[in-house]
Amino acid sequence: MAPTQERRRRMPRAQRERQMIAVAEEIFAERGYQAASMDDIAERVGVSKPMLYEYFGSKEGLLVACIRQARTELLGLTLASVEGVSTAEEALRRGLEAFFVYIDSHRRSWNLLRNEAAVAGQAAMDEIEAVRQQQTAVNTTLFASYLPHLPARDLEAYAEIIVGACERLAMWYVGREDVGPADAAELIMRMVWSGLSGAIATNGDK
């Protein structure tokens with residue numbers, strides 16, 4: 001057996017899976033979901049097409065795996081960004097900036113993966129919705145920690161508003177080179193923090 005083949009055979013499953021996902025994300029970004037083929041992905045990874053199917057079941061399953069990995073990475077980055085913060089304003093700003101830092105590392109494929117989910121099928125759409133729900137839950141928990149006097153219903157609504165704003169702004173952001181993560185976070189802060197701070201003041205007086 002050739003040395004290269006030996007290395008490929010012995011690569012741990014988790015590492016191989018990450019490699020497949022990374023290559024699939026590149027090809028989906030380059031060609032779009034429909035035009036990308038499992039043959040193309042397998043060739044670039046250096047594995048057989050049956051191995052791709054063994055790991056992911058289908059091309060849609062591979063796209064779902066790409067989105068699921070993005071969800072995991074985004075959660076980790078968001079939680080790390082708010083460690084040690086002392087105010088709701090600081091937590092929100094850091095969380096927003098972390099989101100756009102993540103988008104920065106996926107500029108080429110972020111918008112494509114989001115749009116291609118609708119083409120791929122329901123499982124991919126469900127995974128995109130799981131990303132939204134995850135970020136809403138994180139925001140709601142953060143708000144509840146720093147703003148305990150606000151009604152739970154309002155906290156959930158504010159969290160949904162911020163997730164929606166981030167998603168739409170990200171679609172604009174990926175096409176620009178003159179806006180960085182801190183700039184994007186500041187744009188949302190200008191829009192939402194005055195309203196949140198007003199709600200804090202109003203409920204704090206009760």
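Start by selecting F99, F100 and Y173: together they make up one aromatic cluster. Keep in mind as you go that this is a predicted model.

Now zoom out and colour by secondary structure. You will find ten helices and zero strands, so the pattern along the sequence is simply α-α-α-α-α-α-α-α-α-α.

Of the 206 residues, 45% are buried. If you display contacts between residues at least 6 apart in sequence, 68% of them join residues at least 24 apart.

Back to the rings. How many aromatic pairs does the count come to? With ring centres required to lie within 6.5 Å, the count comes to four aromatic pairs. For a look at one of them, select Y55 and F56, which form a tilted pair with 6.1 Å from centre to centre and 45° between the planes. Are these two residues buried or exposed? Both Y55 and F56 are buried.

For the last stop, select K59 and Y33. Here the charged end of K59 sits over the ring of Y33, at 4.5 Å from its centre.

Key. Residues are numbered from 1 along each chain as its sequence is written. This is a predicted model: local features need pLDDT of at least 70, side-chain atom pairs count only at pLDDT 80 or more; totals for chains, interfaces and linings use all residues. Side-chain values use heavy atoms; hydrogens and water are left out. Rings of Phe, Tyr and Trp (its six-membered ring) pair if their centres lie within 6.5 Å; planes under 30 degrees apart count as stacked, over 60 as edge-to-face and the rest as tilted. Buried means under 20% relative accessible area, exposed over 50%, partly exposed in between (1.4 Å probe, protein chains only). A charge sits over a ring if NZ of Lys or CZ of Arg is within 6 Å of the ring centre and within 35 degrees of the ring normal. Helices (H or I, at least four residues) and strands (E, at least two) are DSSP runs, numbered from the N terminus. Contact means heavy atoms within 4.5 Å.
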